[in-house]
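Hi,

Could you have a look before we talk?

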Amino acid sequence: MPTVHLLDYVAGNVRSLVNAIEKVGYTVEWVRSPADVANAEKLILPGVGHFGHCLSQFKNGGYVEPIRAHIAQGKPFMGICVGLQALADGSEESTAVPGLGVVPGQLKRFDDSDKSVPHIGWNSANTSAKGAVADESVYGLRPDSKYYYVHSYALPYVEGQLEEAGWTVATARYGNEEFVGAVAKNNILLTQFHPEKSGAAGLRVLKAFCDGQPRSKLPETPSSEAAREGLTRRVIACLDVRTNDQGDLVVTKGDQYDVREKEGVSAGGEVRNLGKPVEMARKYYEQGADEVTFLNITSFRNCPVADLPMLEILRRTSETVFVPLTIGGGIRDTVDTDGTKVSALDVASLYFKSGADKVSIGSDAVTAAEEYEARGKKLLGTTAIETISAAYGAQAVVVSVDPKRVYVASPDATPHHTIETATLGPNGEKYCWYQCTAKGGRELRDFDVRQLVQAVEAMGAGEILLNCIDKDGSNSGFDLELINDVKAAVKIPVIASSGAGNPAHFAEVFERTPTDAALGAGMFHRGEFTVKQVKDHLQAEGLLVRPFEDEI
């Protein structure tokens with residue numbers, strides 16, 4: 001197999017990139033030292049995390065001049081995400097650190113006054129009228145495709161600036177801001193999006209780069225509807241994974257978090273078995289799921305270092321599923337079976353190296369938030385959220401929140417943040433507050449959901465997975481009041497979870513709340529509806545979704 005060289009300068013899920021490169025027919029060789037760069041014919045620089053840290057790693061490792069030489073010699077070079085940003089003049093993220101200056105322009109942070117930051121999800125990379133021939137595809141980019149982005153800083157698009165310097169530009173829009181999604185010039189391709197996480201559309205871009213085909217003819221002119229720009233509505237498939245009574249890892253689903261069968265020969269004990277995790281994840285990917293989440297609800301979560309079965313599930317899933325993978329359960333400081341202390345960062349690193357793109361933190365986040373509040377909202381820098389976010393970037397840390405409604409007669413009846421609800425309590429109460437829970441809903445805390453989400457946002461979490469114990473397994477739709485209340489409290493993206501029973505519930509949550517994504521589980525697992533049916537319904541309702549693509 002032909003070879004591509006990969007420079008893994010820091011942390012991140014490089015396994016998915018390796019799998020994607022192999023999927024398009026190439027093998028990977030690693031750049032281990034600056035001297036290795038000279039031996040590379042095709043070089044890819046992936047990146048996650050902080051601009052300044054990235055550039056410091058390059059400089060301290062002695063990679064800056066070898067990379068410059070590789071580009072100057074006309075050898076194929078690709079930069080992904082921070083790999084693009086590193087080649088700009090500089091970034092607001094770290095003003096004292098200069099970029100390599102290959103691409104003119106300064107990176108700026110997205111304005112969060114009208115949208116969530118980080119920018120997470122599927123967006124365009126459209127070359128129309130940006131230096132490309134009208135019917136020409138640049139490195140496989142198509143105006144009707146969507147690509148997966150996850151970043152807080154971007155290179156603003158300034159009309160004509162890059163084109164005058166010889167670059168072909170693909171842009172995307174987030175709110176009112178137009179930014180650079182990809183740029184190409186001669187032997188260079190830089191993408192702000194992650195092609196290895198962008199399904200068939202991203203694999204097509206990787207293949208075009210590896211094959212050395214920067215230009216090709218577009219298959220057809222897309223319709224104006226297919227080429228709509230902007231962030232799509234994300235539909236996420238969630239798999240609760242645990243060991244059954246025979247010791248096998250299975251996908252299960254509970255009602256108010258109880259996963260035991262209630263009827264039939266298995267009533268009273270057997271863990272509900274809905275399928276095998278790897279096979280089901282691939283099925284949802286093929287149906288068009290925008291992300292797949294694994295929640296490790298028991299298994300080895302008390303000792304994640306020994307969690308070899310779950311690590312193997314991630315490895316195998318990432319070989320065939322080219323959308324973001326999240327893993328939750330047991331991401332905290334722990335002790336290995338031999339007595340060795342293992343940090344939450346080390347546990348997260350195991351999952352990232354096995355194919356995860358994000359980790360989800362639950363009960364540990366509640367404790368950390370309570371302590372943060374008790375300290376007068378002062379950060380320690382040592383919590384799981386803070387250490388993982390500092391190493392991998394905020395976008396890699398999801399906090400899973402499990403609140404429960406508590407009805408009160410009036411706001412004065414509790415010190416907690418309340419809302420006026422349209423769903424009255426058992427005694428006609430018009431108000432409620434959302435009590436945080438831990439340990440899968442089994443432990444109640446004197447802490448409300450607004451306190452929790454604002455605390456974890458301050459600690460560096462990049463996304464909230466917002467469950468609702470009252471709605472779990474109900475198939476009655478999402479708790480819209482909870483979602484609206486949490487979205488009003490934070491700037492980071494929120495994933496709506498719990499209660500989805502049919503495609504209309506997804507349309508409802510996107511139309512009646514500003515949620516950034518919506519998650520389904522049981523309705524998919526039981527075969528009542530497919531992910532594709534949900535997305536078809538959203539599109540019929542006029543909501544923008546990622547188009548289905550099954551070919552490179």
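Let me start with Gly330, which is found in the loop between β18 (325-328) and β19 (334-335). Helices (H or I, at least four residues) and strands (E, at least two) are DSSP runs numbered from the N terminus. Before you go on: this is a predicted model, where local features need pLDDT of at least 70, side-chain atom pairs count only at pLDDT 80 or more, and totals for chains, interfaces and linings use all residues. Residues are numbered from 1 along each chain as its sequence is written, and side-chain values use heavy atoms, leaving out hydrogens and water.

Back to Gly330: it counts as buried because its relative accessibility is 11%. The terms are buried for under 20% relative accessible area, exposed for over 50%, and partly exposed in between (1.4 Å probe, protein chains only). An unreviewed UniProt entry lists Gly330 as a "binding site", together with Asn467. UniProt positions follow the numbering used here, feature names are shortened, and annotations may be inferred rather than shown by experiment.

Asn467 also sits in a loop, the one between β27 (463-466) and α14 (480-487). With a relative accessible area of 6%, Asn467 is buried. Its side chain has a polar contact of 3.0 Å with the side chain of Ser400. A polar contact here is a pair of N or O atoms within 3.5 Å; within protein, one must be able to donate a hydrogen and the other to accept it, and residues adjacent in sequence count only if both atoms are side-chain atoms.

β27 also holds Glu463. Is Glu463 buried or exposed? It is buried, since its relative accessibility is 0%. Beyond residues within four places in sequence, Glu463 contacts Ile120, Arg234, Lys358, Val397, Val398, Val399, Ile492, Pro493 and Ile495. Contact means heavy atoms within 4.5 Å.

His194 is in the loop between β13 (188-191) and α7, and at 8% relative accessibility it is buried.

Asp240 lies in strand β15 and is buried at 13% relative accessibility. Ala237 has its place in β15 as well (residues 234-243), with a relative accessible area of 0%. Ala237 and Ala289 are 52 residues apart along the chain, with 6.3 Å between their C-alpha atoms. The contacts of Ala237, leaving out neighbours within four places, include Tyr284, Ala289 and Phe524. Tyr284 is one of the buried residues of helix α8 (residues 277-287), and just after α8 comes Gly288 with a positive phi of about 110 degrees.

Helix α13 (residues 449-459) is worth a click. Its buried residues are Val449, Leu452, Val453, Ala455, Val456 and Met459. They are on the same side of α13 because they cover an arc of only 165 degrees around the axis, taken from the directions from the helix axis to the C-beta atoms. Asp448 caps the N-terminal end, with a side-chain oxygen 3.0 Å from the backbone nitrogen of Arg450. After α13 comes Gly460, whose phi is positive, near 120 degrees.

The largest nonpolar core has 158 residues, of which Ile44, Phe294, Ile388 and Phe506 touch the most other members. Helix α7 (residues 199-211) gives the largest share, seven residues. Domain 1 (3-217) and domain 2 (234-260 + 269-403 + 435-541) both contribute, so the core lies between them; those bounds come from an automatic or database domain assignment. Apart from it lies another core of nine residues, among them Val398, Ile495, Leu519 and Ala521. A nonpolar core is a set of buried Ala, Val, Leu, Ile, Met, Phe, Trp, Tyr and Cys residues joined through side-chain atoms within 4.5 Å.

For the overall picture, the protein has 17 helices and 29 strands, and 57% of its 552 residues count as buried. Of its contacts with a separation of 6 or more, 71% come from residues 24 or more positions apart.

Cheers
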